[in-house]
Structures are given as structure tokens and as C-alpha cells.
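Reader: I would like to go through this model with you, a few points at a time. Could we begin with the backbone and then turn to the helices?

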Amino acid sequence: MTEVSEDEFLNKLLEVVYKLSNIVKTQSPRFKRIWDEYLKPLNETPHIIRQIPLDKNKFLADIEYRIKVLNNVEQATLDGFHSVKTLLQTLYDSYFNSEIFKNDFSGDDQLILKYFVAKEILGNLIQYNKLDHESVPLKYNIIARNYTLIKLKGQMNLEILDNLKKLNIKDVKLTDVNKIMKDIESDGIINIKKKGKNYFYTLKKELELSKEGKKFYSQVLQPLVDFPTLFFRSFFNIRELNVTLDQNVKYHDFLQKILLKTATQGFAPTNYVFKNLIKYYQKIQEESN
């Protein structure tokens, strides 16, 4: 891999910040607009991702301005996380109990949607799911994470428990899993068979909406449900910074260690990188004063 000089790295960083600034410029107002069209009666103040104003020349020339912009990016990463959290909380705490939901979807579709939405959001965002276990009730989270495996080959209760531990959900016991899965069975989603001392789960009902439900879902809910995955996959991907630095770069080892995290997509590594890039440039600023 070609080694990158200090100036080359700074130009790469500018490109990444510019990319993130543009993503927010288009995605944040879109999220607010689709929210206002449907969920505003239930929550007037979703968590909106802040804009990242950027003067390219100033970013390259002025270290104080650069630190300010990087601070803004770091805060925008937190906004991204909280925008998804607000969406999930509004859906599961308010929307799914609301008259809006009950009027718009049939009883069968209402049941399916609570599982389906969790699968579409948490099923796609495993890193987010490791950090947020509270916004979505556990029974929907279990299906979100295990739906495909249950559908393809069935799952044992011990396997479900193991998958929950991989999501950092540590305080759930096997007896809790058995009870939750019984609840899911009563919703008609799974079948349960006894296997020795344990239980084995197979899929009884696919998470598919009625023709009418599917049509209405695509018009009003889908743009909101798709937003977290689309945003996370674009904004929390800064692999362009996964470079090898020239040995002459200031504080080489410190910066190289930060950049190793850019190889992994997701909220946590991206937030870590910008938090520490701020420290890196503050260190250089202190040295020059």
C-alpha cells in the first residue's frame, strides 16, 4: 500500500468530511419531511441530524476551523444514532398503539408490522442493535435477529440466547427466552417443539403484509423504515481514511492507530475516529502555540 504524507491525508480527510456534509444536506431534510408527513401528530420533535457547514479552503489552512468542523461531524454521528433511536421509540411507544396505525392497517397487518419493522431496522443494523436494547420490545428484537435462521433451519432456545448475548444483552436467562418465545407463538409467528430439555422453533407465518397493507406501507411507513439503513450505510462508512501513513507524519503512531478503526463500518468506529481526530489536531495546535 502506498504511504500517504501529512498533506495527502489532510486532503483525504477533507474529501470524507465533504462527503458526509453532502449526505446530511440531502438526508436530514428528507427525514424531517417524511416524518412530518406521517408521524408529526405523535411526536413533533424527532432527533434531526445537524448540518455540517464546510469551507474547503479554510479547512485546509486553519487548524482551529478544522477542529470546529470535526467537532461538528462528531456531533452529527451522535445525531445519526439518536435519530434512529427516536424513530424506534416513537414507533414502538406511540405509533403502534395509536388510532392512526389502527385506522391505516388491518388487524393482521398490525401484528405483522411490529415484527416486520424491527426486522427491517434492527435486522440490518447489528452494530446499532448492540448499543440499543431498550427502544424495541425484546420479542420483536429476537425475531429481527433470528428470523432468517428460524425460517431456514429452525433455532433452539439455547441458540436464541447465544444470539442475544452477541448483541450485548446479558441479563436474559433461558427461562426468559422460553417465556418470550411462547408469547411469539401465541401471535402465530412460530411453532414450538420440545427437544429433550430444550425447545426448538420453526417459522409458522412469514412476515408478509396483505396486498392492501403492502401498498399503504410503501407509501407512508417504508420511507421512514428504510432511512436508518440507508443513512448508516452511507454516513458511517469512512473507509477512504483507511490508509498507511508516511513515517514523517506528526504523531504517526497515534494517528495510525485511529485510522485502523476506519476499516470497520458503523456508528461506534466512525464516532471513535472523529473524536480522536479532534484530539490529534488539538495536539498539533498546542504544539504550534
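Reader: Where is Tyr 251 found?

Author: Tyr 251 is found in the loop between strand S5 (244-245) and helix H12 (252-260). Helices here are DSSP runs of H or I with at least four residues, and strands are runs of E with at least two, numbered from the N terminus. This is a predicted model, in which local features need pLDDT of at least 70 and side-chain atom pairs count only at pLDDT 80 or more, while totals for chains, interfaces and linings use all residues. Residues are numbered from 1 along each chain as its sequence is written, and side-chain values use heavy atoms, with hydrogens and water left out.

Reader: What is phi of Tyr 251?

Author: Phi of Tyr 251 is near 50 degrees, a positive value in a residue other than glycine. With a relative accessible area of 29%, Tyr 251 is partly exposed; buried means under 20% relative accessible area, exposed over 50%, and partly exposed in between, using a 1.4 Å probe and protein chains only.

Reader: And what is phi of Asn 168?

Author: Phi of Asn 168 is near 70 degrees, also positive in a residue other than glycine. Asn 168 lies in the loop between helix H8 (157-166) and H9, and counts as partly exposed at 39% relative accessibility.

Reader: Changing topic: at what angle do the axes of H3 and H5 cross?

Author: The axes of helix H3 (residues 63-94) and helix H5 (residues 107-121) cross at roughly 170 degrees and come within 11 Å. That makes H3 roughly antiparallel to H5, a term for angles over 145 degrees. Axes are lines fitted to C-alpha atoms, for helices over the stretch in contact, with angles from 0 to 180 degrees between N-to-C directions.

Reader: Which residues in H3 and H5 meet?

Author: Val 84, Leu 87, Leu 88, Leu 91 and Tyr 92 in H3 meet Leu 113, Lys 114, Val 117, Ala 118 and Ile 121 in H5, where contact means heavy atoms within 4.5 Å.

Reader: Where does H5 bend?

Author: H5 bends at Leu 113, by about 30 degrees. The bend is the angle between axes fitted to the seven residues ending at a residue and the seven starting there.

Reader: What do the buried residues of H5 pack against?

Author: The buried residues of H5 pack against several helices, including H3, helix H4 (99-104) and H7. Among these buried residues are Leu 113, Val 117, Ala 118 and Ile 121.

Reader: Finally, how many helices and strands are in the protein chain?

Author: The protein chain has 13 helices and 5 strands. Buried residues make up 48% of its 289 residues.

Technical notes: Parallel < 35°, antiparallel > 145°, perpendicular 65-115°, else oblique.
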